[in-house]
Amino acid sequence: KAAGVSRLVHVSALGASASSRSQYARTKAAGEAAVREAFPEASIVRPSIVFGPEDDFFNRFAGMAKISPALPLIGGGTTRFQPVYVDDVAAAIVQMIEDEGTAGQTYEFGGPAVYSFKELMEMMLRLKKLTRALVPVPFFLAEVQGTMLQLLPTPPLTRDQVELLKSDNVLGGNAPGLDALGITPTPLEAVLPTYL
C-alpha cells in the first residue's frame, strides 16, 4: 500500500474462520483481517482444494498409494470437497486485478461438482489403475495418530488437519464465485487424467 500499489488480491482458503477449532482456518481468517486493515480495497479469494499438474492433494495421495497397500479415510471419508482447477483460479485473479468493481469483495471459488473424500480417493485409484484398501479411520483415532505424526520433520498427518476434515470444504453460497466473473468452472474429470 505504501509503495502505491492500487490493486491487491489476497488468496486465502475456503473455511477461513476466526472461530474455527482449526488453527489453519483461524490463521487464514487472521490473514484476511490483516490484509483488510492495511489495504481495505483488497479483494479476497477463498478457494476449495486447488487441483492441477503440481497440486499437493492428488499427487500426494497418488504417491502414498504407490507405496502403501491401504489409504486412510479419516472420519469415514465423508468430508465433502469442491475441487477447483488452478487455471480457473488464475484466470479469475487476473480478471479481479483488472476489474475495479471487485475491490473490497470476498469471493469463494469451487469447481462444478462436490465429492466426498472417499469418492476422490476412488477416482485417483481408478486413474492410477491401482487397487488399494480404503480403510475408515474414526476421528478420535486419527487425532491420536496426528498428535504423534506431527512430531516428524515432514508429517504425513497433523491433529489440525484432522480437525479441518471435520468440516466440509464446499461453497457456502453467500459469496460471489467464478460465475460472477464470467468463468465456467472446469470439471475435475476433464483435467485429472491428463496429469495423474
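I began with the rule for aromatic pairs, under which rings of Phe, Tyr and Trp pair if their centres lie within 6.5 Å, and in this predicted model the count by that rule comes to eight aromatic pairs.

For Tyr107 and Phe109 I noted a tilted aromatic pair, with 6.3 Å from centre to centre and 55° between the planes. Tyr107 is buried at a relative accessible area of 4%, and Phe109 counts as buried at 0%. I also found that Phe57 and Phe61 belong to one aromatic cluster together with Phe58, Phe81 and Phe117.

Next I turned to charges over rings. The charged end of Lys1 sits over the ring of Phe39, at 4.6 Å from the ring centre, and Lys166 lies over the face of Phe139, at 5.9 Å from the centre of that ring.

On the surface I recorded a nonpolar patch formed by Phe140, Leu141, Val144 and Met148, which together have about 420 Å² of accessible area. Met148 is found in helix H5, residues 139-149, and I list Met148 as exposed because its relative accessibility is 54%, where the cut-off for exposed is over 50%.

Last, I checked the backbone at Lys129, where phi is near 55°, a positive value in a residue other than glycine. Most residues other than glycine have a negative phi. Lys129 lies in the loop between helix H4 (117-128) and strand E9 (133-137), and is exposed, with a relative accessible area of 74%.

How values were computed: Residues numbered from 1 in each chain as written. Predicted model: local features only at pLDDT ≥ 70, side-chain atom pairs only at ≥ 80, totals over all residues. Heavy atoms only, no water. Patch = residues over 30% accessible without salt bridge, like charges linked within 9 Å, V, L, I, M, F, W, Y side chains within 5 Å. Areas by Shrake-Rupley, 256 points an atom, 1.4 Å probe, with all protein chains shown as cover. Salt bridge = Lys/Arg side-chain N within 4 Å of Asp/Glu carboxyl O. Helix = DSSP H or I, 4+ residues; strand = E, 2+ residues; numbered from the N terminus. Buried < 20%, exposed > 50% of the residue type's maximum accessible area, 1.4 Å probe, protein only. Phe/Tyr/Trp six-rings, centres within 6.5 Å; stacked < 30°, edge-to-face > 60°. Lys NZ or Arg CZ within 6 Å of the ring centre and 35° of its normal.
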